[in-house]
Amino acid sequence: MKNALVLAVIAMVFYAKEIVIADQWLGKVSPRVLTFLYAGGVALLAGISLIISPPKGELKWPEGNEWWFVLGLIVVSFVAANAHFAAL
């Protein structure tokens, strides 16, 4: 539980920093462009992290109907990020 609390605090600090950066320095950029760049950057860094530091054990991908939930996660994240950047 202690590890989860530390990770949650780290996430909150970095999300807050993201908001400050987007609000103070990227306010004139279109929300959809920011969403695209944000998602692309996160995907790139996630891919690099998988290559540089692969998880211990087997890398498990979604199977069967789990892909629908991945698609749902993508859609929900897009709407959230787009609304987030539009609000700023």
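This is a predicted model: local features need pLDDT of at least 70, side-chain atom pairs count only at pLDDT 80 or more; totals for chains, interfaces and linings use all residues.
Biologist: Which residue does Lys 60 form a salt bridge with?
Modeller: A salt bridge here is a side-chain nitrogen of Lys or Arg within 4 Å of a carboxyl oxygen of Asp or Glu. A search of the whole structure finds one. In it the closest N and O atoms are 3.2 Å apart, and the partner of Lys 60 is Glu 63.

Biologist: Is Lys 60 buried or exposed?
Modeller: Buried means under 20% relative accessible area, exposed over 50%, and partly exposed in between, with a 1.4 Å probe and protein chains only. Lys 60 has a relative accessible area of 60%, so the call is exposed.

Biologist: How far is Glu 18 from the nearest side chain of opposite charge?
Modeller: Glu 18 sits in helix H1, residues 2–25 (helices are DSSP runs of H or I, at least four residues, and strands are runs of E, at least two, numbered from the N terminus). For charge, Lys and Arg count as positive and Asp and Glu as negative, with His and the chain ends not counted. Glu 18 is buried yet has no salt bridge, and the nearest opposite charge, on Lys 17, is away by 12 Å.

Biologist: Which residues does Glu 18 touch, then?
Modeller: Contact means heavy atoms within 4.5 Å. Not counting residues up to four places away in sequence, Glu 18 touches Tyr 38, His 84 and Phe 85.

Biologist: What is the angle between the planes of Tyr 38 and Phe 85?
Modeller: Rings of Phe, Tyr and Trp (its six-membered ring) pair if their centres lie within 6.5 Å; planes under 30 degrees apart count as stacked, over 60 as edge-to-face and the rest as tilted. The structure holds one aromatic pair. Tyr 38 and Phe 85 form that edge-to-face pair, 5.6 Å centre to centre, with the planes at 75°.

Biologist: How many residues apart are those two in the chain?
Modeller: The pair links distant parts of the chain, with Tyr 38 in helix H2 and Phe 85 in helix H3 (residues 66–87). Tyr 38 is partly exposed at 31% relative accessibility, whereas Phe 85 is buried at 8%. Their separation is 47 residues.

Biologist: What is the relative accessible area of Thr 35?
Modeller: Thr 35 lies in helix H2, residues 31–52. Leaving aside neighbours within four places in sequence, Thr 35 is in contact with Phe 78, Ala 81, Asn 82 and Phe 85. Thr 35 counts as buried because its relative accessible area is 5%.

Biologist: And Leu 50, which residues is that one in contact with?
Modeller: Leu 50 is also a helix H2 residue, and at 40% relative accessibility Leu 50 counts as partly exposed. Leaving aside neighbours within four places in sequence, the contacts of Leu 50 are Pro 55 and Leu 59.

Biologist: Last one: how far apart in space are Val 70 and His 84?
Modeller: Val 70 lies in helix H3 and is partly exposed, with a relative accessible area of 25%. Val 70 and His 84 are 14 residues apart in sequence, and C-alpha to C-alpha they are apart by 21 Å.

Conventions. Residues are numbered from 1 along each chain as its sequence is written. Side-chain values use heavy atoms; hydrogens and water are left out.
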